[in-house]
Every structure is written in structure tokens, then in C-alpha cells.
Amino acid sequence: MSTDAEPVTGTSSDAGSADPAFDPGLPHRCSPRVALRPEPFGALVYHFGTRRLSFLKTPQLVEVVSGLEHHPDVHSAVAAAGVEEAQRPAYLRALAGLAANGTIEPRP
Amino acid sequence: MAPIEQSESPAEEPLVEETLVEEVSIDGMCGVY
């Protein structure tokens, strides 16, 4: 099953779907405008720009987000966090959502 | 008395996919300490 998806850049902001510009093959990082507070259930995430509060509901996802800056791409960060392959599509969807709301961003 | 027939329900599938990220709305909480 081919999961290659070319990043689609566009100015349209269709609600309901993940950020079309999210490319897990690119290096990412947690946005500097975001505060990440680890909790036993996962983490609280607060974006100072959008003033949006979110919960990361698994410690593994927290590890992925925290480790993004140390890996060459999102896939590597997900693998390094020990996410099982069967769960990776769900994690990638979650990360795409985090990219859409500005919690994570591509790093130069 | 006729025995109560219990319909065999198929294996219940999860109705809601567990999400990894949950957004919380804190609108309207200005001034709340």
C-alpha cells in the first residue's frame, strides 16, 4: 500500500481535514510559541499565539513532539519514540493536526 | 412462558475512534483564576 503523498501547498483553508501542507518527510519542531507541560496522561500544550489549549493524550505522542527537533523527519521521530507500526497512521494524523494548529512546524 | 429471545448482536465496534490530541476550549474564562 503506497502511502506516499506529495505535500500540497495552497492558500485554501478547508476545515475538517489535516493540514494539506504537512509533510512528515520534512524536519519539524515544536513551535517556539508553544509551551509543553508533561503530565502523567501525556501533556498540556498551550499556544501563546492562538491561545489554544490542547491535550496530548499519550506520553508517546509527547515524546514524538518533543523529539521532533532531534530527528531528520517526522517518521524518524515517530519510530524513535517506539510507536508501533500499526499505530503510526494515527500518530501521523495527530501530528498533521498539530501542524495545522501551529503546535509543530517545519524547521529550516 | 416463552423464553425471551435475545438477539445476537454483532461484535460491537468502537463508536468513537480514540484521538491522540484533544483541544480544549477555554473561551470565556478570562478573569477566572
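Mentor: Start with a definition. A crossing is right-handed if the near helix is turned clockwise from the far one by less than a right angle, and left-handed if anticlockwise. Keep in mind that this is a predicted model.

Trainee: Which hand does the crossing of H1(A) and H3(A) have?

Mentor: Take the helices first. H1 covers residues 59-67 of chain A and H3 covers residues 88-100 of chain A. Apply the clockwise rule to this pair, and the crossing is right-handed.

Trainee: How many residues in the contact of H1(A) with H3(A) are nonpolar, and how many polar or charged?

Mentor: From H1(A) come Gln60(A), Leu61(A), Val64(A) and Val65(A). They meet Tyr91(A), Ala94(A), Leu95(A) and Leu98(A) in H3(A). The contact divides into 7 nonpolar, 1 polar and no charged.

Trainee: What pattern does chain A follow along the sequence?

Mentor: Chain A has 3 helices and 5 strands. Of its 108 residues, 32% count as buried. Read along the sequence, the pattern is β-β-β-β-α-α-α-β.

Trainee: What share of contacts in chain A between residues at least 6 apart joins residues at least 24 apart?

Mentor: Contact here means heavy atoms within 4.5 Å. Count the pairs at least 6 apart in sequence, then ask which are at least 24 apart. The share is 51%.

Trainee: Is Thr103(A) buried or exposed?

Mentor: Thr103(A) lies in the loop between H3 and strand S5 (104-106) of chain A. Beyond four places in sequence, its contacts include Cys30(A), Val34(A), Val45(A), His47(A) and Leu98(A). Leu98(A) also takes part in the contact of H3(A) with H1(A). The relative accessible area of Thr103(A) is 2%, under the 20% cut-off, so Thr103(A) is buried.

Trainee: Which residues does Gly42(A) touch, not counting those up to four places away in sequence?

Mentor: Gly42(A) lies in strand S3 of chain A. At 3% relative accessibility, Gly42(A) counts as buried. The residues touched are Arg37(A), Leu56(A), Thr58(A), Pro59(A) and Val62(A).

Trainee: What is the phi of Arg51(A)?

Mentor: Most residues other than glycine have a negative phi. Arg51(A) is found in the loop between strand S3 (42-47) and strand S4 (52-56) of chain A. Arg51(A) is exposed, at 54% relative accessible area. Although Arg51(A) is not a glycine, its phi is positive, at about 60°.

Trainee: How far apart in space are Ala100(A) and Ala21(A)?

Mentor: Ala100(A) is found in helix H3 of chain A. At 49% relative accessibility, Ala100(A) counts as partly exposed. Ala21(A) is 79 residues away in sequence, yet the C-alpha to C-alpha distance is 8.5 Å.

Trainee: What share of the accessible surface of chain B belongs to carbon and sulfur atoms?

Mentor: Chain B has 0 helices and 1 strand. Of its 33 residues, 6% count as buried. Its accessible surface comes to about 3800 Å², and the carbon and sulfur share is 54%.

Technical notes:
Residues numbered from 1 in each chain as written. Chains lettered and ligands numbered in written order. Predicted model: local features only at pLDDT ≥ 70, side-chain atom pairs only at ≥ 80, totals over all residues. Heavy atoms only, no water. Axes fitted to C-alpha atoms, helices over the stretch in contact; angles between N-to-C directions. Helix = DSSP H or I, 4+ residues; strand = E, 2+ residues; numbered from the N terminus. Nonpolar A, V, L, I, M, F, W, Y, C, P; charged D, E, K, R; others polar. Buried < 20%, exposed > 50% of the residue type's maximum accessible area, 1.4 Å probe, protein only. Areas by Shrake-Rupley, 256 points an atom, 1.4 Å probe, with all protein chains shown as cover.
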